[in-house]
Each structure stands twice: as C-alpha cells, then as structure tokens.
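Okay, everyone, thanks for coming. Let me put the model up on the screen and then talk through a few spots in it.

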Amino acid sequence: MRLRVAAGGPAALKVLAAAGAAAVPVRLVWGGPLGETAAAVAAPLPGRDPLAPTPVTPAPRQGPPGLLPPAERPLAQLSPPWVPALELDSGTVLFSPNAICQFFFLARGEEPTDLTNQWLEWEATELQDTKSVADVVVWGTLFPVLQDETSLPSEMQALRTWFQSMTLSEACRKAADSVLMPKALLEFKSYLQKQPPPCLAMERATSNEPEEEEGSERALTEEEITAAADAWACGAAALPKPWQPQKPVLPVEGMRNVLITSALPYVNNVPHLGNIIGCVLSADTFARYCRLRNWNTLYVCGTDEYGTATETKAVEEGLTPQEICNKYNAIHADIYRWFDISFDYFGRTTTPYQTTIAQDIFQRLLDRGFLLQDTVEQLRCEDCQRFLADRFVEGTCPFCSYEEARGDQCDKCGKLINAVELKNPQCKLCRGIPVVKPTQHLFLDLPKLEERLEPWLEQSWATGDWTANARYITRSWIRDGLKPRCITRDLKWGTPVPLDGFRDKVFYVWFDAPIGYLSITANYTDQWERWWKNPQQVELYNFMAKDNVPFHSVIFPCSLLGADDNYTLVNHLIATEYLNYEDGKFSKSRGVGVFGDMAKDTGIPADIWRFYLLYLRPEGQDSAFSWSDLMLKNNSELLNNLGNFINRAGMFVCKFFGGTVPNMVLTPDDKRLLARVTLELRQYHQLLEKVRIRDALRCILSISRHGNQYIQVNEPWKRIKGNEKDRQRAGTVTGVAVNMASMLAVLLQPYMPSVSLAIQGQLCIPAHCFVLSHDFTCTLPPGHRVGTVSPLFQKLENDQVEALRKHFGGGQPEDLAVEPQAKQTPAASEPTPAPLTLTASGDPQLIQELKEEVAKQPLSPPCLPQGNHVRQLKANKAEKAQVDTEVAKLLELKKQLALAEGKSPEVPVPKGKRKK
C-alpha cells in the first residue's frame, strides 16, 4: 500500500499515527504543491522502524473494474496535495483521512464500535483503552493547535491526561516528528495567527454539540456592567407581559407557535426513570420554558396501544386488549401526573380519529404509487386459524440453541431472528406447531421516496436543531440505502387496512404509532389541522430516546412526504442517549431500578426526582442513575447551594427588615454582580433555545453560588449591627440577594415547578413577574413585603439512601413497589427512613397542632424521659419493632415541627453509631 502525505499537513498526523498504532505496513510518499517526492517508507521488517526510509516498489496496475490504477492516474492528482491518500494493493484509493485511519484499524482486525463510529462522524462533520481510531483522529486534529497538554486549562484534567498519553505514544510522537517539521510548523502557526480571534461568549453561537462551557469568570466590560445596571433600574415594568393562550391552544398568526411531542410510551410497560427522562420529562421542561418565553405552545403525548405486545399482555393477564389498554393508560397518566408533567393533552391511539387519519394517509400513499405488494413467508397456526406475529412464536434459537427464543429476537445471545428461522417453533397461544405459509403484505416504497426525503433533511438540518446522535443515526440509514418496509401485520388488534385482499390485516405499529401524534391532537381539538398541516407557521419539536430516531427522521417523514398534504414535519429532533441504573440496566422482572409507579413511594418529592434526572440527562453519552450521587446532589447542590441561598436571602428580609425589602444603594461591586448574573441568564437562554436542558440547569446553580458568595463576602448579619453606613450596606446586599432569589424562582420553574411555586409564595412574587427576560431586573422593589420563609429542601441521610438502594437492587417480585411509610412496620434492625415532604412552614395553626402531637407521644419530655420510657418498654418485654416505631414517629414529628418553625431539623446520631 502507498500512503501519500504532505509535510506540515495536519491531516497527515492522524493517518501516520493510525498506521503506527495499528502496525500496518505502508509505503510512505511525501506529497506537496509540486507533486510527489521520490522518498518513501516501506513496510516494517524484523528489527526495523515501520516509518524508516526505504526504496519504493511500484504498485500493481490491475484493479477492480471502475477503479483507476495508479499508473494511469498519479496519486497526487486524485485530491489536493495536502490531503492524505492511501492506495491499496487492489488499486483502490482512499482520500478521506478518517476512512484511511479506520481502514488501518480494520486491517488489524479491530471492528469499530457504535461509539467509535459516532466519534468519527462527529470529528469529520462537526469538529473538522487501547488507542482506538477515534483517539487517533481527534488527537491529530487537536495536536497542531495545542502541541502539549499544558495548553489546556488545569480544570480539564481528564482531557489533559488523555492528550498527554496520546502525544507520548510512540506512533503519535513519530507522526508529529515526521509531519510537523520546524519550518512547516512555523508556517502553520503563522497561518493561525492571521485568523480572526474567537468571538466573546455572549456572541457565541450555541449548538447541540458537547463542548466545554466558557467560564463565567471572564473579565467583564464596562459596557456590560453599565447595561446590567440600567436593566436593573428599569424594574418589573421592563418585563414582557405574561401571555395566556386561549383553550384549546391553536396557532396564532405573528407569534412563535411551538408544537411539542414526546415519544408515545408503549401502553403495557410501566415507564422507568430512563423512559421518563428520555421523552416526557425532557419535553415537559422545554414546554415550560417555551411558555415562560410567551411562545404559543402545545404539548401532546399519549399511550401507544396497538400491536403484538398488547395482545400478548392481554393473553398473559386474561384480559381483552382494550381492558389492558385502559388499565395501563391510567397507570401512565397517574405516573406523569405525579411527576408534574404539563401536557396540554395526554391521549391514546385507540380512537376513531386514529383510524380515520391513518387510513387517509395510507390511501394517499397508495394513490401516488408509494406502496408495494409482496409475498412473505410466515408461520401460521392452523389450530388458531391465524398467521402468527413474531411475539406469538417461541422456539429454539438458530444461533445459540436457546430453547425459549422469541420470534423476533433471542434473549440469550441477543441476535435478531426471523420467526421462520426458529427451530421447533411453537404457537404461544395454543402450543401447537405452526407451519410456514406464504402471505401477502404491503410495503412502503422508501427507495422511491428517498428523492423527497433527502432535500427535506438537508433543509431541516440547516435550519433546525437536531442532536448529534439524531443526525448520525439518520445519516447511517441514508448511507446504507433505504429499503421497502412492510407496513401490515397479521393481527386483530390494530388499525384495519382499508384495501381488498388485506382487510384481515392491520397496520404495523411503526407505521401506525407516529400518526398517533396527529390523532391525539385531533381528540384535543377538531381544528388539529391548524397544527399538523401548517408548516409555514408551526415549529415541531420531537423528543425521544435514540432508538426511536429512524422512525421519526426517516420513516414517518417519508409517509407524510408521500401523502403530499402539506403536513407539518419535524424541525427539531431531540434524542437522548440511555440512562442506566447503577452498574446495570433497569429490569421490572428482576426488581432492578426505580419505575414510575414506585418513585412516589420512596418518600422523595417529585421535584427532587425531576432535578436529579435532568441534572444527569444523557445528552451526549449514556449516563447512570446512582443513589449515592442522588444523595450528594440533593445535599450539596439543592440543600447547601440553591436552598441555602434562597432561604438566607428571604430570612434576612424577615429577620433584619421586618419582612419588607429594604432600600438599595448599588456599589460598583453590586453592579459587577448584576452583570455576572446577566451573563449566566443569557447563557441559560442560549442553551435552552438549543434544548441543552442539562447544561442550562448548571446556569441556575451557578447563579445561586454567586449569591452565596455575595452574602458570605458582605456579611449582612454583622453589618446590620454596625453604624448607619453598615446598616445601609446590609440592606443593599439583602435586597439584591432576595431579587436574585426571585429570578431563580422563574428560572427553576421548568425544572422544579413545585419548588418554584413555593418560592413564589414565600417571597410573594407578583404573577406578572413570572415571565422570562434576557435581563436581570429588580422585581421586588424597596417596600415589597415577603411572606413566611422556610427551608425548601431536606437532607437525604445515608441510612435512608442505603435502604432504598437495597430495596431497588433486585430480587423482588415483578410488581413489588415500596409501600407508603404509614403502611409499613419497620424492621427492628432497619428503621424505614421517613418520607421527605415540602412542609408548609410558618403556619401558626400547624405549629400548634404539631406541638400538641409531639406532647402526646410516650417518648416526649412532657411525659417521661425518653431513656426511662424505653427501659420501661423493655422491662415489659415490648417488641423492639414497637420501640423503633415509637422512636421513628417522634423523630418525624419533631422534624416536621422544626421545619414548620423555620428551623433546620437536627438529625440525631443513633446510639452506638457515633463517630469518634
């Protein structure tokens, strides 16, 4: 093989490093503006450096038909001389640097993983532990600019370590020495120095690609500080007026009309935390943000209810498919209601509108010649008198001989199976032996629709926000070539096919289910076409996990494009990676992981779940739920950072200024803080406009950190005791801080709506101030009265978290959920942790009731000293469980009383477990 590279060419770095790392023999030819040089490098020989000079051996002339032999066309003319080119022994020439690198690793026998392919795609289209091909090509792109790891900030320790490791590797070092010779390196640096400087953060375009966030501690300009102070002075009058749409929500001419869908959850599955963050919670957060921006927003979802899985579940539970759908639709609705998902309408696909709209799209595709008919070999059960869908067949896997393989996939080896390939197949309904028979089916002609799909995709990618994985998966489907897809199934439970010869069949769920977005909207309003046949006025956002991407980016758009009825197509496709559970995966059957119907019984409020799931939302790569991390984030980010700041700001107003916001005289330091907060606020907007939900949450936490630092530096609790100047300073700090807390209440609303509402109530924030602006304004002016301020969050204790980790770690029956605390009898050795609640604080009646309840307890001081009473119970041979129950009850009441009085509850250390 001949490899042509150019001295000083950055792309040459990666291909030389890849050749060395993969130990692939190549003959190196130096290219340049004047053509190829005679010097070359040969294959490695025993005891010889693989990149050492050696004479050139001519490459063979012959090659497959259609390829250009090197002797007929010089290597240097195939591409620009600074672009690497690899000529294979067959005569094939590769001149994509990444393709060359991947070829070297394939030649070594290393198959690329999905993650490697995504990195390569990202590097080639967006950016410009054995060392993988992805490591090499990313290093080769960065090295000419960075040279060594000291160029990277010390905070990016993981990246510095990786970059140093790559640079010191023999293959990369030799590639750098060979390519970036001193003269060429100086020329390259000179070229870089002539390029325009990078733009400032506030001007920087935000994308969906993962990147290091620009630190908020950059130097502020005088213009920014002055602008922030001016915006502050304008007060609430500068805010846009909150806009409330009429019901039902319909597009409004001249407004930004946003239509949001989340992937329809399959009805017979109880969603786990990964399902919830992957679609409904992410979409809900964005929908709430859109409403705060006064965008006219409609958010719809519902259960996907047709298909084989529903029929299978119905057989298992001895119910009809409709009864199964009714049962699980209610379960889903209850779960999403508890998680405070703000659907404008939550529906289902088993409706007359679904039949009407799906059959209309089918008829339009048929009339326009986009459907094909073909014969398919399928298993038929003569006893049941029906063709069997994949999930109604079991048998022996043809690959690993597992005896309980399904008709679509083997659970043991994981390979996809065509049902007719199963050995010893059985009908799951009657245990009879099915036979293979031909049956007619209809197919969507995707190859014919491709000429409509590709221009639309290019336009949507150019104008919309698609996540990197959505683009990559879609490109993969297009690159591999589209094939006709079957749209009919031999089932009873589904939308009937309205065509003679096929009336005993239903539509395949992948064709039918996305149409559910339209039919669910039609059940919400009979003017549904104003949303779904109005691409000129409506922006469509689809939220889903990555496994749903092809159906939303290729197949469903092809159906709508082929129907040719001015349908609204997706503008922004937002796909997450996967959320795993601890070190494995969620499994209902094995009792592993938290499912939606269990979360509310843990005693942890819904807003804490929302916060943590959004904090670790798998935006760029898979992430994992961790109980210890949940405890850490609750106690550090919520309790000690966000909650601490908001509580202190409000308490200072109540304690030092009689519940009235004091006068404020801003100093230059105060104005710099306003500008700093404004930077974070604008970054929050930039990120959420690009649906980078997780990263925008960091902006909220950063603002509260600035607030805590501001309070700590200025110490208003000390200054309030000083002279007039000090008291004035304490008032200014308190007033600015409580206004930051007011703004945080609005920013938090998409993430933690109940906490946001609690802050609004405590600070008495006017309703007209609950709208998002790009400027930090004074919404609580001097003289504004706040209400009773109380803690927003409670500490999660290690014992409580360990009990929950154990409970959800596996080994429980399939449908076991954590029972509510009041219905449990705690084990003697493991007292059940008390549920966390958002206590309504400051209510005198509540405080009195709690005091009376505490006084009634047999362990409380008004009756007997606790130790004496415990000894008395033991003397009476009371069961230890009874003692523990009384202790737990008293501690919980005391905790609730402390919260109601605005105090932080003290958590006692159990006797015998005190750390020394």
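So, helices α21 and α27 cross in a right-handed way; the handedness rule is that the near helix is turned clockwise from the far one by less than a right angle, with anticlockwise being left-handed. Helices here are DSSP runs of H or I with at least four residues, strands are runs of E with at least two, and both are numbered from the N terminus. Helix α21 covers residues 627-657 and α27 covers 798-807, and their axes come within 9 Å, crossing at roughly 150 degrees. The axes are lines fitted to C-alpha atoms, for helices over the stretch in contact, with angles from 0 to 180 degrees between N-to-C directions. That crossing makes α21 roughly antiparallel to α27, a label for angles over 145 degrees.

Who touches whom? On the α21 side we have Trp 627, Ser 628 and Met 631, and on the α27 side Asn 798, Val 801, Leu 804 and Arg 805, where contact means heavy atoms within 4.5 Å. The residues of that contact split into four nonpolar, two polar and one charged. Nonpolar covers Ala, Val, Leu, Ile, Met, Phe, Trp, Tyr, Cys and Pro, charged covers Asp, Glu, Lys and Arg, and the others, Gly among them, are polar.

Quick housekeeping: this is a predicted model, so local features need pLDDT of at least 70 and side-chain atom pairs pLDDT 80 or more, while totals for chains, interfaces and linings use all residues. Numbering starts from 1 along each chain as its sequence is written, and side-chain values use heavy atoms, with hydrogens and water left out.

Now strand β18, residues 538-545: seven of its eight residues are buried, so the strand is largely enclosed by the rest of the structure. Buried is under 20% relative accessible area, exposed is over 50%, and partly exposed is in between, with a 1.4 Å probe and protein chains only. Strand β6 (257-262) runs parallel to β18, joined by six bridges; pairing needs at least two DSSP bridges. β18 also pairs with β19 (572-576), parallel again, over five bridges. Look at Tyr 541 in β18: Ile 260 stands opposite it, and its bridge partner in β19 is His 572.

Buried or exposed? Ala 23 is exposed at 59%, whereas Val 691 is buried at 2%.

Conventions. Angles under 35 degrees count as roughly parallel, over 145 as roughly antiparallel, 65 to 115 as roughly perpendicular and the rest as oblique.
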